[in-house]
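This report describes selected features of one protein model. The sequence and the structure are shown first, and the description follows.

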Amino acid sequence: MITFRGTFEHTLDAKHRLTIPSKFRAGLAGGVVLAASMETTAGAPRSIAIWTPDSYDAYTTAALAGINPLSPQARDLKRFFFNYSHDTELDGANRVMIPPMLMDYAGLDKEVVVTGSGECLEVFDRPRYSTYSDDVLIRVPDIAASLGHTA
């Protein structure tokens, strides 16, 4: 299992290919799932997550566990998880091509930020991420306190 940490500025090429940061290439050599990240905070920028296939399967299984599979909510979540994800592999130059649907979902342009998010990487539009990151840094003490922790 790989833990993804760090923040990296990258530029997508004309074919929407992203070069994977070198420290993560070996961990992603067995395959990649590109998936829309579900944002739960109003105003947070959308992103594309980069998962190993096993980690994405574990994440979606955990998210759907205990939900009646015939419920409208389960069907909507399944559609989100599986309609907005894409299996791929690193190419010979250690890049992944981000499909147009995912580019549109996250509002990505040429300048992006790749961030480690523990179990996955996330790809954000660089200007949107900058604004979001500044806001989160201000709110971290309040977030931690609301969860019963001190920062």
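This is a predicted model: local features need pLDDT of at least 70, side-chain atom pairs count only at pLDDT 80 or more; totals for chains, interfaces and linings use all residues.

The buried residues in question are Ala74, Phe80 and Phe81. They lie on the same side of H3, because the arc they cover around the axis is only 130°.

H3 itself comprises twelve residues, 72-83. Its span from the first C-alpha to the last is 16 Å, close to the 16 Å expected at 1.5 Å a residue.

## The sheet

Six strands form an open sheet in the order E1-E7-E8-E4-E3-E5, and their pairing is antiparallel. Strand E1 (7-11) and strand E5 (85-88) are the edge strands, each pairing on one side only. On average, neighbouring strands of this sheet are turned by 25° against each other, direction ignored.

Within the sheet, strand E3 (residues 32-36) and strand E4 (residues 48-51) run antiparallel and are joined by four bridges. Alanine 35 has alanine 49 in E4 as its bridge partner. In general, strands of a sheet pair through backbone hydrogen bonds.

## Leucine 12

Leucine 12 is located in the loop between E1 and strand E2 (17-19). With a relative accessible area of 3%, which is under the 20% cut-off, leucine 12 is buried.

Leaving aside residues up to four places away in sequence, leucine 12 touches Arg17, Leu18, Ile98, Met103, Asp109, Lys110 and Val112. Of these contacts, aspartate 109 is 97 residues apart from leucine 12 in sequence, with a C-alpha to C-alpha distance of 7.6 Å.

Notes:
Residues are numbered from 1 along each chain as its sequence is written. Side-chain values use heavy atoms; hydrogens and water are left out. Two strands pair if DSSP finds at least two bridges between them. Helices (H or I, at least four residues) and strands (E, at least two) are DSSP runs, numbered from the N terminus. Axes are lines fitted to C-alpha atoms, for helices over the stretch in contact, and angles run from 0 to 180 degrees between N-to-C directions. The expected span of a helix is 1.5 Å times one less than its number of residues. Buried means under 20% relative accessible area, exposed over 50%, partly exposed in between (1.4 Å probe, protein chains only). The arc is that of the directions from the helix axis to the C-beta atoms. Contact means heavy atoms within 4.5 Å.
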